[in-house]
Amino acid sequence: MFAFLQKHTRSSEYLMLGGLTLFCIACSLFRYFYSDTRVFIFLNWNLFLAIIPWMLSTLMVIKPELQRFKRITLLIMVVWLLFFPNAPYILTDLFHLRLRSSMPVWFDLILILSFAWTGLMYGLLSLWDIEQMLRKQINKKWVSGIPVVLLFLSAFGIYLGRYLRWNSWDVLREPIGLIYDVGHRFAYPFDHPRTWGMTLLMGAFLNLIYFSFRVMKSRTA
């Protein structure tokens, strides 16, 4: 079995992600039934949102003929970009960790970290697929810089979600309000130190994780 997984890398990734996802769901359900509270049930929804960009990039990989249609590719890439921040966003759910009488704090820590790690893995693998696809379509010397930009954009998206409570759907539901909040932060950056402080530091952190991931993924032995 292990020889099969080493030979079929994508199959091993599916099994790994499936196992991580099931573990997260099982832990959240155990907490729900044991404590009779819905405190962290929302993590399942956040994880679903984190899976969407991975599903889109996987679709492009297993159906490479789609890449011949520029409009379809552009649409998928736009939707991917809108949902991609949801993958690392779960890291900020650690803000909800606190001592509760319903469950030991160590259990809640493991629960949140499990969801955060799983969401991050979906995001990293998705970004890796996007990077590999771009290598076939644009000048290779520019490709390495694209993930850097995307991760900083993702960090900005995390800020919008965590502090301003915008989400990916609001691009369609409330575009004017979203454009105003984003535009004001770019037009008057010094009025929003928390915005850019978190964006820059979170972006740098996500880049460190991603490029560490790239080193490990390219390891041959």
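In the predicted model, one aromatic cluster is formed by Phe-30, Tyr-34, Trp-106 and Phe-107. Tyr-32 is partly exposed, at 26% relative accessibility, while Phe-33 is exposed, with a relative accessible area of 65%. The pair Trp-80 and Phe-84 is stacked, since the planes lie at 20° and the ring centres are 4.7 Å apart. Both Trp-80 and Phe-84 are buried.

Two or more lining residues come from each of α3 (42-62), α4 (70-83), α5 (86-89), α8 (145-162) and α10 (175-187). The greatest contribution is that of α8, which supplies nine residues. By residue class, the lining of the largest pocket consists of 20 nonpolar, eight polar and three charged residues.

The second largest pocket has a volume of about 290 Å³. It is lined by 13 residues, of which Met-16, Met-121, Leu-125, Phe-213 and Lys-217 are the closest to its centre. At least two residues of this lining are provided by each of α2 (9-35), α6 (105-135) and α11 (193-217). The most come from α11, with five residues. The lining of the second largest pocket contains eight nonpolar, three polar and two charged residues.

Note on methods:
Residues numbered from 1 in each chain as written. Predicted model: local features only at pLDDT ≥ 70, side-chain atom pairs only at ≥ 80, totals over all residues. Heavy atoms only, no water. Buried < 20%, exposed > 50% of the residue type's maximum accessible area, 1.4 Å probe, protein only. Phe/Tyr/Trp six-rings, centres within 6.5 Å; stacked < 30°, edge-to-face > 60°. Helix = DSSP H or I, 4+ residues; strand = E, 2+ residues; numbered from the N terminus. Nonpolar A, V, L, I, M, F, W, Y, C, P; charged D, E, K, R; others polar. 1 Å grid on protein atoms, 1.4 Å probe; cavity = no way out; pocket = protein on both sides within 12 Å on 5 of 7 lines; lining within 4 Å. Points joined across faces, edges and corners; volume = space filled by probe spheres on them.
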